[in-house]
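Visitor: I have a chain open on my screen and would like to talk it through. Could you take me from the overall fold down to the side chains?

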Amino acid sequence: RELVSDDTTESMVLDCTNLPEFRDKLFLQSKLGLVFHLQNPKQPVCQQNGKCGFMLTIGPKEANPKLFDVKLCTDNSIYPSGIHFHEDFVHAKNMHVILEGRAESSEEWKYVPISWLPNPISRHTYCEYPWDRFTDFRIRVLYSFQKTEKRKRNVS
């Protein structure tokens, strides 16, 4: 996990824990359920079984298959065993989803933003990228949250 921080905001780069193997640029023609682990730094001990995290579904948008549809799953009953969702901490508005690829002989990752949740990016943009040059892939989420609570003032 990589951390980026300033005075009020902290961001974490999270790797997908169940990334399917794919070598074809058309892998997002079907719906994927991708799991990410995320522990609330303000509450390091969780009383629930399994790991804290969230699941995103990514796939073609039904109304317009040229667009990706990225959704945060908020129903714990459809989560895989061993992971649970905290609706009080995990919010889609705090996420940026990216797909990265790199060539076998390279250390440099090239990325394409899939979405600032919940706004999808056109699949056409994704398909034009030269993905056939890459041998390694990963899907990551940049997750940001407020480090400090905003103070309320009473105005009389």
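Visitor: How many helices and strands are there in the protein chain?
Guide: This is a predicted model, and in it the protein chain has one helix and ten strands. Followed along the sequence, these elements come in the pattern β-β-β-β-β-β-β-β-β-α-β.

Visitor: And what share of the residues counts as buried?
Guide: Of the 156 residues in the protein chain, 37% count as buried. The chain exposes about 10100 Å², and carbon and sulfur atoms supply 48% of that area.

Visitor: What about contacts between residues at least 6 apart in sequence, how many of those join residues at least 24 apart?
Guide: Among those contacts in the protein chain, 63% join residues at least 24 apart.

Visitor: Let's move to the rings. How many aromatic pairs are there?
Guide: The count comes to four aromatic pairs. One of them is formed by Phe54 and Tyr143, with 6.4 Å from centre to centre and 35° between the planes, which makes the pair tilted.

Visitor: Where do Phe54 and Tyr143 lie?
Guide: Phe54 belongs to strand 4 (residues 51-60) and Tyr143 to strand 10 (residues 136-146), so their pairing ties together parts that are 89 residues apart in sequence.

Visitor: Is Phe54 buried or exposed, and what of Tyr143?
Guide: Phe54 has 0% relative accessibility and counts as buried, because buried is taken as under 20%. Tyr143 is likewise at 0% relative accessibility and counts as buried.

Visitor: Which residues form the aromatic cluster?
Guide: Phe36, Phe54, Phe89 and Tyr143 form one aromatic cluster, so the pair formed by Phe54 and Tyr143 is found within this group.

Visitor: Changing topic to charges: how many salt bridges does the structure hold?
Guide: The structure holds five salt bridges. Among them is the one between Glu100 and Arg138, whose closest N and O atoms are 2.4 Å apart.

Visitor: Is Glu100 buried or exposed?
Guide: Glu100 is buried, with a relative accessible area of 6%. Glu100 also forms a salt bridge with Arg140, where the closest N and O atoms are 3.7 Å apart. Since Arg140 lies in strand 10 and Glu100 in strand 7, that pair ties together parts that are 40 residues apart in sequence, and Arg140 counts as buried at 8% relative accessibility.

Visitor: What does Arg102 meet in a salt bridge?
Guide: The side chain of Arg102 meets that of Asp136, at 3.3 Å from N to O. This pair links distant parts of the chain, with Arg102 in strand 7 and Asp136 in strand 10, 34 residues apart. Asp136 counts as partly exposed, at 30% relative accessibility.

Visitor: Which residues do salt bridges with shared partners join into one network?
Guide: That network consists of Asp15, Glu100, Arg138 and Arg140.

Visitor: One last thing: where does the charged end of Arg138 sit?
Guide: The charged end of Arg138 sits over the ring of Trp109, 3.8 Å from the ring centre, while Arg138 also forms the salt bridge with Glu100 discussed above.

Key:
Residues are numbered from 1 along each chain as its sequence is written. This is a predicted model: local features need pLDDT of at least 70, side-chain atom pairs count only at pLDDT 80 or more; totals for chains, interfaces and linings use all residues. Side-chain values use heavy atoms; hydrogens and water are left out. Rings of Phe, Tyr and Trp (its six-membered ring) pair if their centres lie within 6.5 Å; planes under 30 degrees apart count as stacked, over 60 as edge-to-face and the rest as tilted. Helices (H or I, at least four residues) and strands (E, at least two) are DSSP runs, numbered from the N terminus. Buried means under 20% relative accessible area, exposed over 50%, partly exposed in between (1.4 Å probe, protein chains only). A charge sits over a ring if NZ of Lys or CZ of Arg is within 6 Å of the ring centre and within 35 degrees of the ring normal. Contact means heavy atoms within 4.5 Å. Accessible areas come from the Shrake-Rupley method with a 1.4 Å probe; for residues, only the protein chains shown count as cover. A salt bridge is a side-chain nitrogen of Lys or Arg within 4 Å of a carboxyl oxygen of Asp or Glu.
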